[in-house]
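Visitor: I have a structure open and want to talk through its side-chain contacts. Can we start with charges and then move to rings?

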Amino acid sequence: MLLSSLSLGASLVSSSGGGVISAENSSLNLSSGRAYINLGFLTFGDIGRTGLLDAFDNPHSSFSGLSPRAIKPGSNKEGRDGFVLSFEDFSFIYSTDERALSGIFIDGGIIEAALLAASGNGEAKGFHEDPGMSTAYDTVYGGLDLSWGYLNVIGLISYADEIGFRGVLKGGFNKDDYSLYASYGSLIALSEDSEEGTFGLSGSFGQNGFHFEFSVLYGTPPVFSEDYLRKEAYVSSELNLGAVSLAAESESVFTKNGKRRHRECFTLSWSFLDIGYDTEEGLILSFDFGHFSFGYKDGLPYLAMLYEGEGDIFSFIAEYSTDDGLDLAIRVNF
């Protein structure tokens with residue numbers, strides 16, 4: 001009833017993989033059971049992928065400031081749902097999904113400040129693992145984000161009675177496609193998938209159809225041994241020459257004892273043709289003519305056909321592929 005009251009231009013999209021009921025400022029994903037509602041001053045949705053929760057969860061990664069936001073969730077059932085209440089320069093965040101938490105954000109122009117309290121879930125890690133990487137303890141997080149033009153300095157801190165203080169200092173600059181950031185320190189884990197690291201370096205640059213970015217993360221050594229000290233490196237580049245584009249991607253994970261995992265991917269795209277090679281998935285080959293495509297992926301050949309139809313109040317898309325079978329999506333506007 002709430003979804004239908006928000007907008008008269010709502011639609012129902014149903015497919016063999018699930019369905020979505022959506023209006024102008026709201027949606028409900030039937031396959032995941034996750035919803036999004038935007039009332040202007042109050043929003044409900046996925047709050048874990050942007051803003052202050054992303055900053056405290058992945059302090060060495062590239063995050064978009066400390067301002068909390070609720071965005072439309074995907075079809076994946078995993079994620080963190082919650083409310084964001086905004087009033088002028090103040091925002092409040094609240095969630096009981098996965099881990100109860102509440103926080104406040106203040107936008108002071110060149111400085112942003114955030115404070116977050118998260119409850120412990122009592123699930124401590126093993127004796128030989130870093131207790132700070134568990135979410136077992138009641139934890140308080142704080143952050144300051146200072147910006148002067150292209151320069152940016154970020155300070156994050158966390159505290160739990162059982163662990164003490166942990167903090168991260170991050171600084172750098174960002175202008176158009178050019179950026180360079182360095183960070184040092186660690187935080188008490190906000191989620192089970194929180195980033196583990198003590199030093200991070202990332203950057204990007206590009207012009208005239210070329211873009212390059214990289215990141216390096218130096219992990220936190222486990223309590224019992226530095227033999228498993230984790231190091232990660234990622235590099236990607238793309239060159240666009242108009243009708244032709246070239247892309248390359250490389251990802252490596254090392255331990256103190258040597259290489260643990262390495263992946264590279266190279267692709268060339270031209271008109272209807274994509275060709276390349278992935279060291280994990282093998283040959284990449286695709287001929288896409290719109291309603292008909294074929295090629296080779298995941299070590300197997302594939303064939304796909306697409307048909308679209310449209311009426312006064314409905315439209316549908318039927319797609320068949322040798323790897324995913326038949327999928328039918330119907331949209332009804334009301």
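**Side-chain contacts**

Guide: Asp46 is a place to begin: in this predicted model, Asp46 is buried, with a relative accessible area of 3%.

Visitor: Which residue forms a salt bridge with Asp46 at 3.2 Å, N to O?

Guide: That is Arg34, whose side chain meets Asp46 in a salt bridge at 3.2 Å, N to O. The pair links distant parts of the chain, with Arg34 in strand S4 (residues 34–38) and Asp46 in strand S5 (residues 42–46), 12 residues apart.

Visitor: Is Arg34 buried or exposed?

Guide: Buried, because its relative accessibility is 4% and the cut-off for buried is under 20%.

Visitor: What about Arg49, how far are its closest N and O atoms from Asp46?

Guide: Arg49 forms a salt bridge with Asp46, and the closest N and O atoms are 3.1 Å apart. Arg49 counts as partly exposed, at 46% relative accessibility.

Visitor: Which residues make up the network there?

Guide: Salt bridges link Arg34, Asp46, Arg49 and Asp81 in a network.

Visitor: And how many salt bridges in total?

Guide: The count comes to eight salt bridges. Another of them joins Arg263 to Asp278, with the closest N and O atoms 3.0 Å apart. This pair also links distant parts of the chain: Arg263 is in strand S18 (residues 258–270) and Asp278 in strand S19 (residues 273–278), 15 residues apart.

Visitor: Arg263 and Asp278, buried or exposed?

Guide: Arg263 is buried, with a relative accessible area of 16%. Asp278 is buried too, at 2%.

Visitor: Switching to rings. How many aromatic pairs are there?

Guide: There are 12 aromatic pairs. One of them is Phe56 with Tyr141, which have ring centres 5.3 Å apart and planes at 35°, so the pair is tilted.

Visitor: Where do Phe56 and Tyr141 sit in the chain?

Guide: Phe56 is in helix H2 (residues 51–57) and Tyr141 in strand S10 (residues 139–148), so far as the assignment goes. They are 85 residues apart, and the pair links distant parts of the chain. Both Phe56 and Tyr141 are buried.

Visitor: Which rings are linked into a cluster?

Guide: Trp270, Phe272, Phe287, Phe289, Phe292 and Phe294 are linked into a cluster by ring pairs.

Notes: Residues numbered from 1 in each chain as written. Predicted model: local features only at pLDDT ≥ 70, side-chain atom pairs only at ≥ 80, totals over all residues. Heavy atoms only, no water. Salt bridge = Lys/Arg side-chain N within 4 Å of Asp/Glu carboxyl O. Helix = DSSP H or I, 4+ residues; strand = E, 2+ residues; numbered from the N terminus. Buried < 20%, exposed > 50% of the residue type's maximum accessible area, 1.4 Å probe, protein only. Phe/Tyr/Trp six-rings, centres within 6.5 Å; stacked < 30°, edge-to-face > 60°.
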